[in-house]
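Good morning, and thank you for joining this group meeting. I shall walk you through one protein model, beginning with a helix and ending with strands.

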Amino acid sequence: MKVRNIKALVPFKGYVVTEIRFEEIGAQINLDFDKRSGPRCPHCEEKLPRNKVGRRAVMDCPMPHGSIVYLTFPTVQGFCRSCDRYATTCPREVHPDCQATWRLMRLVSSWAALATNSEVATMFEISDATVRRYDKIVLEADTPPPCLDGLTKLLIDEKSVRKGHCYVTIILDGETGELLHMREGRKKECVESFFERLTEEQRAGITAVGIDRSGAYQAAVEAWLPNADIVYDRFHLVMNVNQAVDEVRRSQCRRAGTEERQLIKGQRYLILGNHENLDADGRGKLDLLLEANEAISTAYILKEQFRALFNYRRQGWARRALANWCELAHASGLAPFQRLARSFTRHCERVCGFVKHGLTSGLIEGFNNLVSRMIHKACGYRDLDYLELKLRHHSVMR
Ligand SMILES: [Zn+2]
C-alpha cells in the first residue's frame, strides 16, 4: 500500500511527518523540522540557532475510532537576534502553554457547547478542569470584543446564576442581542461600570434602554445617557401583570371553601399561560374556573387585555389603550391591579415606549433561555468569567 501526501494529516508549517506508529491505545505521530526552513523563532520567523535541543509531546484530535493521538516534535531554544531574546520553537498549531494542539482544543470547545463539561471530559479522557481550560482559551481567542460604536438601543436585565442569590447584571445590544457587559451583583454600579467604558459620543448615540420597572438601573441610565428614553420592556411588564394575577389567585384560594379551593389550587399555569397554547381539556378546565370565581375571572381578562396592548403600532393608540386598561384595573377593586395601574399611569411613556423604539422582548427572553440552558448544563457556574465568555460567544454566533 502506498500512502500519498501524509503531510495533509498534520499540515504544520515548517514541520514534516517522519513516522506514524499505531499502538493498541492509540497513535503517535512524530514530526521533524522541514529541512528547507529549519528551526524558526515563533515570534518573528527568523532562523534560530540551536542552543538547546529537546522534544515535546502534545495531544491531538483522536482517531476516527476514538483512540488517543500524540504528536511529538523537536524543540529548539536559542537566542533570536532580531527579537533580542531567547525563544523556543513551537508549531503555530500547538498552544505554547497547553499539552494540546489548537485543533484538539477547538474540538473540545465545540463539544462543550453541546454537552456538559464532564460528559466532554469522559469523551476525550481528560479532566473536567482541562475541558474548562481549553474551552476558555478557545472562546477567548475566537470571540471578538464588543464593538461599542453605533450602539442605539440597550437592554439591561438581572439574572440569577446560582442558588443563594447570586445575581449578575447583563447588558445586551438592543438590536442584535449581543452580550456587551456582565457584572456580578444588581446594583446601579454594575451598569455604571459599562457606561464608563463608553465615550461621550457613544453615550449620546443611545436613544432607548429597555429595563425592568423595579430595577436599580433607572437612576444610572438617567444620569449617564442624556438622550435615552427609558422603556419598560414587554417581558418584564407581562411578568408584573402575571404576578398580579397570581396574587389574586392566591388570595382567592385562601378565602375559598373546600370545593372551590380544589378548583383553584395548582392551576397557576392554566391561568398564566397563553390561551392559544391550551388544548381542549385545558380550555375546559379554565372556563370552569373562570365561571366559578369572579375575581380570578376579572384578573384573567385584565391580563389578556394587557397582552393585546403590544399589538398596537401607533403610540397614540397604545397610550389610549393603556389609559383604558388602567381605568378598568382601578374599577376592578383588585389591589394588585390598582397598584399596577397607578404606576402605569405615572409612567405611561415608558410602558408605551416599545412602539416608538421597537424594542421587543424576544432578545431578552432568548437570552434568558440561553443563560438557563448554560447554567443547567454546567450545574451552576462558579467561574463567572467563564460564564460570561460562553454567553458572549453564543450571543455573537446567534
Ligand atoms: Zn524572533
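Let me begin with a definition: the expected span of a helix is 1.5 Å times one less than its number of residues. Please keep in mind that the model before you is predicted. Helix α11 covers residues 294-308, which is 15 residues, so at 1.5 Å a residue it should span 21 Å. The C-alpha atoms at its ends are 21 Å apart, in agreement with that expectation.

Which residues of α11 are buried? They are I296, T298, A299, Y300, L302, K303 and F306. The cover over these buried residues includes α7 (234-255), α9 (268-272), α10 (280-292), α12 (315-332) and α13 (335-346).

Let us now turn to the domains. The protein is divided into domain 1 (6-142), domain 2 (153-233 + 360-397) and domain 3 (240-357). Taken over C-alpha atoms, the centres of domain 2 and domain 3 are separated by 28 Å. Their contact draws eight residues from domain 2 and eight residues from domain 3. On the side of domain 2 that touches domain 3, strand β10 (residues 229-232) gives the most, with four residues. That side is made up of four nonpolar residues, one polar and three charged.

Strand β10 also belongs to an open sheet of five strands, in the order β8-β7-β6-β9-β10, with mixed pairing. Why is one side of β8 and of β10 left without a neighbour in the sheet? Both stand at the edges, and each has a single partner strand, so one side of each has no neighbour there. On average, neighbouring strands of this sheet are turned by 25° against each other, direction ignored.

As a general point, strands of a sheet pair through backbone hydrogen bonds, either parallel or antiparallel. Here, β9 (residues 208-211) and β10 run parallel, joined by four bridges. Within that pair, G210 has V231 of β10 as its bridge partner. Two helices lie across strands of the sheet. Helix α14 (residues 348-357) lies across β6 (153-162), β9 and β10, at about 105° to β10. Helix α16 (residues 384-397) lies across β6, β7 (166-173) and β8, at about 160° to β8.

Finally, consider strand β4 (residues 68-80). With strand β2 (residues 26-33) it pairs in the parallel sense over five bridges. With β3 (residues 52-60) it runs antiparallel, over nine bridges. Strand β5 (residues 85-88) is joined to β4 by four bridges, also antiparallel; there, C80 stands opposite R85. In the hairpin of β4 and β5, four residues lie between the strands, and D84 takes a positive phi near 60°.

Terms used
Residues numbered from 1 in each chain as written. Predicted model: local features only at pLDDT ≥ 70, side-chain atom pairs only at ≥ 80, totals over all residues. Buried ≥ 20, exposed ≤ 12 C-beta atoms within 10 Å, placed from the backbone. Contact = placed C-beta atoms within 7 Å. Domains from an automatic or database assignment. Nonpolar A, V, L, I, M, F, W, Y, C, P; charged D, E, K, R; others polar. Pairing = 2+ DSSP bridges. Axes fitted to C-alpha atoms, helices over the stretch in contact; angles between N-to-C directions.
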